[in-house]
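Dear colleague,

Please find below the structure I am handing over to you. My notes on it follow directly after.

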Amino acid sequence: MTIETTILDFQLSNTYEEYESHMNAKEQQKMFKEMGVKTFYIGKSLDDPQRATVIFQGPENVLYDIFMNPETKPIVEASGHIYVGTKITRWIS
């Protein structure tokens, strides 16, 4: 199985602290675990407190397919993640 590291860089509609709390919630982490995904880093920009970056690692295409599916947009945005303008970079090892 190919492992993919996915980096998302995006704007927030809420505070970074609210976003981080949502991402670290038990139910969110349970969902990631079920998908075989690990969250390696959640951080905010020093220059713009409304901008965040998350680094995930899991099976190839899992996060990308979820993020690109229009049906999951409300779930993504519920965290405070602004969908439009998100920069996605993907790496495999």
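**Findings**

Pro74 is part of helix H4, which spans residues 73-77; helices (H or I, at least four residues) and strands (E, at least two) are DSSP runs, numbered from the N terminus. Because its relative accessibility is 54%, Pro74 counts as exposed; the classes are buried under 20% relative accessible area, exposed over 50% and partly exposed in between (1.4 Å probe, protein chains only).

The model is a predicted one, in which local features need pLDDT of at least 70 and side-chain atom pairs count only at pLDDT 80 or more, while totals for chains, interfaces and linings use all residues. Residues are numbered from 1 along each chain as its sequence is written, and side-chain values use heavy atoms, with hydrogens and water left out.

Regarding the sheet, 4 strands form an open, antiparallel arrangement in the order S2-S3-S1-S4; two strands pair if DSSP finds at least two bridges between them. Its edge strands are S2 (38-44) and S4, each of which pairs on one side only. From one strand to the next, the twist averages 15°; axes are lines fitted to C-alpha atoms, for helices over the stretch in contact, and angles run from 0 to 180 degrees between N-to-C directions.

S1 and S3 (residues 51-59) run antiparallel and are joined by 9 bridges, with Pro59 in S3 as the bridge partner of Ile3. S1 also pairs with S4 in the antiparallel sense, over 6 bridges, and there Glu4 stands opposite Ile92. S4 (residues 87-92) is hardly covered, as the count of buried residues among its 6 residues is 0.

The axes of helices H1 (residues 16-24) and H2 (residues 26-35) come within 5 Å and cross at roughly 55°. H1 is therefore oblique to H2, since angles under 35 degrees count as roughly parallel, over 145 as roughly antiparallel, 65 to 115 as roughly perpendicular and the rest as oblique. On the H1 side, His22, Met23 and Asn24 meet Lys26, Gln28, Gln29 and Phe32 of H2, where contact means heavy atoms within 4.5 Å.

Finally, Asn14 lies in the loop between S1 (3-11) and H1. Asn14 counts as buried because its relative accessibility is 18%. Leaving aside residues up to four places away in sequence, Asn14 touches Tyr19, Gln50, Ser79 and Gly80. A polar atom of the Asn14 side chain lies 3.1 Å from the backbone oxygen of Ser79.

Kind regards

Technical notes:
Polar contact = N/O pair within 3.5 Å; in protein donor to acceptor, adjacent residues only side chain to side chain.
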